[in-house]
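Subject: Structure handover

Hello,

Here is the structure I said I would pass on. My notes on it follow below.

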Amino acid sequence: MNTMKALLERKSVRSYTGDPVTVEQRDQLLKAAYASPISMGQYDSLVLTVVQDSKLLAQIDDTAAKAFGHEKMLYGAPMLIIVSTQVKGDASDNSPYSNAATVIENLNLAAVDLDLGACHIWGAIAAVANDAQLKQTLKIDAGLTPVAGLVVGPTDDAYADRDIPKNRIKTNILD
Ligand SMILES: Cc1cc2nc3c(=O)[nH]c(=O)nc-3n(C[C@H](O)[C@H](O)[C@H](O)COP(=O)(O)O)c2cc1C
C-alpha cells in the first residue's frame, strides 16, 4: 500500500475478530514506531508497553470502565500499545505529548499497511495513568506517565477509499 492510500483509508476500527497479532506483524509495527521522529532525537525519553496478555487487557478495560462508565473501551482488541513519557505539567510538555502522538500515528499507519484494524486510545490510557497499582503491574516506571495508546488487531472491517471533507480543519493559507 502506498503512503497516501494508507493515510486516506485509515479510520478508527472498533471491532476485532479476537485473533492475535502475529510476532511478524508486531515486529513490523515496532519498526514503524522506532522510525518515528522524536524531539531532539531523545528516543530514551519514551517507553513503549505492548500488552497482549488477555488478563492484563481485561484489567485495563475494567479500570477504564470504572473511571468512565463505559464498557469495552479497548473494543476487544488483542493488543494495546501504550506510550509513556515524562511530563512536567507545563508548556514544555508539548514535546513529549507530540512525540507520543507521532509514534502512535506511525504505528497506526503501519497497522493499515498490514491490513490490521487500529484505533487511537486516550480514555483507557488516562485511566491507567491515574492507577499507580496498575502502572506497576504493567511495569511502567512510577516517574513516567502513560499519555497515548493504540489498540491493534485483525478485523473484518475493511479499509476503503474515504471521502475526506475539504476544509475539515480550519486552514489559513497566507499567499
Ligand atoms: C488523541 C486521540 C485520542 C483518541 N482517543 C480515542 C479513544 O479513547 N477511544 C476511541 O474510540 N477513539 C479515540 N480516538 C479516535 C477518534 O475519535 C477518531 O480518530 C476521530 O473521531 C476521527 O475518526 P477516524 O479516526 O475514523 O477518521 C482518538 C483519536 C485521537 C487522535
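Helices and strands here are DSSP runs, numbered from the N terminus; a helix needs at least four residues and a strand at least two. Please keep in mind that this is a predicted model.

With that naming, M40 falls in the loop that runs between α2 (23-34) and β1 (46-51). Its phi is near 55°, a positive value in a residue other than glycine. M40 counts as exposed because its relative accessibility is 74%, and the cut-off for exposed is over 50%. N167 also has a positive phi, near 60°, and is likewise not a glycine. N167 sits in the segment that follows β4 (145-153). With a relative accessibility of 71%, N167 therefore counts as exposed.

Next, the ligand. Around the ligand are R10, K11, S12, R14, Y75, C119, H120, I121, W122, G123 and R162. Sorted by class, this shell holds four nonpolar, three polar and four charged residues. Strand β3 (residues 117-121) contributes the most to the shell, with three residues.

- R14: 2.8 Å from an oxygen atom of the ligand
- R10: 2.9 Å, from a polar side-chain atom to a ligand oxygen
- R162: 3.1 Å from an oxygen atom of the ligand

On its own the ligand exposes 620 Å², and the protein buries 55% of that area.

Now the interior. In soluble globular proteins, nonpolar side chains tend to be buried together. The largest nonpolar core in this model has 25 residues, and the members that touch the most others are I60, L74, L80, L138 and V151. At least two residues of this core come from each of α3 (54-68), β2 (79-85), β3 and α5 (123-129). Helix α5 gives the most, with four residues.

L80 shows how such a member is surrounded. Setting aside neighbours within four places in sequence, L80 is in contact with T49, V50, V51, L57, I60, L74, I125, L150 and V151. Apart from this core lies another, of 21 residues, including V21, I104, L107 and A110.

Is A101 buried, partly exposed or exposed? A101 counts as partly exposed because its relative accessibility is 41%, and that class lies between under 20% and over 50%.

Regards

How values were computed
Residues numbered from 1 in each chain as written. Predicted model: local features only at pLDDT ≥ 70, side-chain atom pairs only at ≥ 80, totals over all residues. Heavy atoms only, no water. Near = heavy atom within 4 Å. Polar contact = N/O pair within 3.5 Å; in protein donor to acceptor, adjacent residues only side chain to side chain. Areas by Shrake-Rupley, 256 points an atom, 1.4 Å probe, with all protein chains shown as cover. Nonpolar A, V, L, I, M, F, W, Y, C, P; charged D, E, K, R; others polar. Core = buried A, V, L, I, M, F, W, Y, C linked by side-chain atoms within 4.5 Å. Buried < 20%, exposed > 50% of the residue type's maximum accessible area, 1.4 Å probe, protein only. Contact = heavy atoms within 4.5 Å.
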